[in-house]
Amino acid sequence: MEHHASFLAKWLTELFHLTRYQWEGFGIIQEEGHSAHEYFSVLERYDHLLNASLAVFFTLIIATWVRSRMTKIPGPLQQVFEMVIGGLDDMVKASIAHHAERYLPFIGTIALFVFFNNLFGITPGLSPATSNWNVTLGAALVVFCYYNFHGMREKGFWSYWSHFAGPVVFLVPLMFPLEILGLLSRNLSHSLRLFGNIAGEHLVAGIFFAILPLFLPIPMLFLGLFFGLIQTFVFTVLSIIYLSGAVAHDH
Amino acid sequence: MKKFFTTTLLFTVSVALFGMEDATSTVTKSLFEGQFLAHLSLAIAAVGCGLAQGKAVAAACEGIARNPQAAGEIRTTMIIGLALIEALVIYALVAAFAIK
């Protein structure tokens with residue numbers, strides 16, 4: 001897959017006169033024996049990191065701003081945030097039976113990070129960091145570590161991992177590797193779903209822009225907004241489901 | 001449905017025959033290398049996904065029509081299910097990117 005840097009990275013490269021390097025094993029297009037090389041500056045090569053950190057800063061700034069001017073009678077922005085956090089709270093409390101409020105900050109952070117990254121897909125000049133697999137795999141791995149840690153903390157190391165062995169003793173050599181494989185492949189599906197959706201949507205919007213840049217991409221942009229929201233929702237709900245499966249214990 | 005399967009079969013057979021007839025020609029080579037296969041795999045995946053998502057949405061609509069009070073929960077479950085179905089096409093898309 002060829003690399004497309006966002007316009008922001010290109011502008012910043014031009015603005016600060018950054019050196020363009022040729023990257024090893026990357027951006028090299030083989031053409032009939034001789035290879036054509038592409039040159040990228042650091043910002044263009046690590047475009048996804050630039051956009052992801054932009055999303056993080058944006059989230060931080062908007063959250064701090066809303067928090068610093070919280071009032072009894074909420075303004076428009078505060079109302080939006082109250083709605084979002086109320087909805088997340090309902091979702092977490094519906095699936096996790098005990099101490100659901102403990103997991104809300106993490107789930108909310110993941111949801112906001114993914115949502116703002118998806119929104120960058122329809123912002124001119126930026127590219128969504130979630131259309132790079134590295135970013136979504138990172139988010140999925142963070143969720144993975146989080147629910148395994150909380151499962152072990154809630155149930156204890158031994159009883160958490162013995163849960164994967166199943167109830168029947170002589171089936172353990174069969175069941176345990178399968179369950180571990182299933183646990184690991186969750187990361188793959190969790191990250192690839194988000195990455196594929198956002199990257200595909202971005203690609204289709206780009207093709208529409210190439211056909212006719214005037215009015216044709218508008219439905220695609222609306223669809224991008226909608227898909228970004230839906231994919232954020234799905235990513236969050238799946239995180240909550242994995243978490244509730246890890247920390248659930250019967251009384 | 002019958003027509004669809006017949007068309008698919010005919011298409012497959014014709015492609016196979018075409019391939020056997022002149023295996024060394026560059027046209028056939030380009031057909032079976034890279035982009036064509038990537039696009040075909042995506043199309044096949046999209047057919048299955050369309051059928052499955054249609055079934056899922058139809059069942060959800062029926063459920064909501066019978067019991068409108070449960071609309072919220074049915075909608076949430078349906079969206080999760082749709083995302084899980086869609087993931088299979090997304091795998092095909094990622095594989096198509098990889099082949100291309």
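The model shown is a predicted one.

**View 1. The elements of chain A in order.** Read from the N terminus on, the elements of chain A run α-β-β-β-β-α-α-α-α-α-α-α-α, which amounts to nine helices and four strands. The C-alpha atoms of chain A fill a box of roughly 60 × 60 × 35 Å along the principal axes, and 28% of the 251 residues of chain A count as buried. Among contacts in chain A with a separation of 6 or more, 65% are accounted for by residues 24 or more positions apart.

**View 2. The helices of chain B.** Chain B has four helices and zero strands, and its elements run α-α-α-α from the N terminus on. Of the 100 residues in chain B, buried residues make up 8%, while residues 24 or more positions apart account for 69% of the contacts in chain B with a separation of 6 or more.

**View 3. Helix 6 and helix 9 of chain A.** Helix 6 (residues 133-155) and helix 9 (residues 217-247) of chain A pack with their axes 8 Å apart, at an angle of about 20°; because angles under 35 degrees count as roughly parallel, these two helices of chain A are roughly parallel to each other. Their crossing is right-handed.

**View 4. Residues where helix 6 meets helix 9 in chain A.** From helix 6, Val143(A), Tyr147(A), Asn148(A), His150(A), Gly151(A) and Glu154(A) meet Ser239(A), Tyr242(A), Leu243(A), Ala246(A) and Val247(A) of helix 9. The residues of this contact divide into six nonpolar, four polar and one charged.

Definitions and conventions:
Residues numbered from 1 in each chain as written. Chains lettered and ligands numbered in written order. Predicted model: local features only at pLDDT ≥ 70, side-chain atom pairs only at ≥ 80, totals over all residues. Buried ≥ 20, exposed ≤ 12 C-beta atoms within 10 Å, placed from the backbone. Contact = placed C-beta atoms within 7 Å. Axes fitted to C-alpha atoms, helices over the stretch in contact; angles between N-to-C directions. Parallel < 35°, antiparallel > 145°, perpendicular 65-115°, else oblique. Left-handed = near helix turned anticlockwise from the far one by under 90°. Nonpolar A, V, L, I, M, F, W, Y, C, P; charged D, E, K, R; others polar.
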